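Dear colleague,

Here is the structure for your files. My notes on what was found follow below it.

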Amino acid sequence: SMIELKKCRDKIDGIDREILKLFEERMHVVRDVADIKKANGIGICDSVRERELIKEKKDMGEGELSEYVEALFEKIMELSKQYQSRCLEEKL
């Protein structure tokens, strides 16, 4: 029914607010990582670590959702690297 649909959508809105809060928190830490990497002359890319992290998250998630979990974290890593690059450029 439409009432059930509205309830589901309201629930999704609440979850999205939490995701946004956690994403912003994560990106603030990513900015700190960029600062540390810059101070120590470490490059942004570490594809071995990335693959390990993505596999780890994929294994943590529900089996039937594992391909989506993988896609989500691939995107998060991509955005993190873009943000780190921007942070490093701004500090030059």
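Helix α1 covers residues 2-39, and its end C-alpha atoms are 55 Å apart. That agrees with the 56 Å that its 38 residues should span at 1.5 Å a residue, where the expected span is 1.5 Å times one less than the number of residues. Helices here are DSSP runs (H or I, at least four residues), numbered from the N terminus.

This is a predicted model: local features need pLDDT of at least 70, side-chain atom pairs count only at pLDDT 80 or more, and totals for chains, interfaces and linings use all residues. Residues are numbered from 1 along each chain as its sequence is written, and side-chain values use heavy atoms, with hydrogens and water left out.

The buried residues of α1 are Met27, Val30, Ala34 and Lys37. Buried means under 20% relative accessible area, exposed over 50%, and partly exposed in between (1.4 Å probe, protein chains only). After α1 comes Gly41, with a positive phi near 60°.

Glu50 lies in helix α2, residues 47-60. Glu50 is buried, at a relative accessible area of 16%. Apart from neighbours within four places in sequence, Glu50 is in contact (heavy atoms within 4.5 Å) with Met77 and Lys81.

On the cysteines: the structure holds 0 disulfides, a disulfide being a pair of cysteine sulfur atoms within 2.5 Å. Cys87 is buried, at 3% relative accessibility. The closest cysteine sulfur to that of Cys87 is in Cys45, 15 Å away, which is too far for a bond. Cys8 is partly exposed, with a relative accessible area of 46%.

Regards

Terms used. Helix = DSSP H or I, 4+ residues; strand = E, 2+ residues; numbered from the N terminus.
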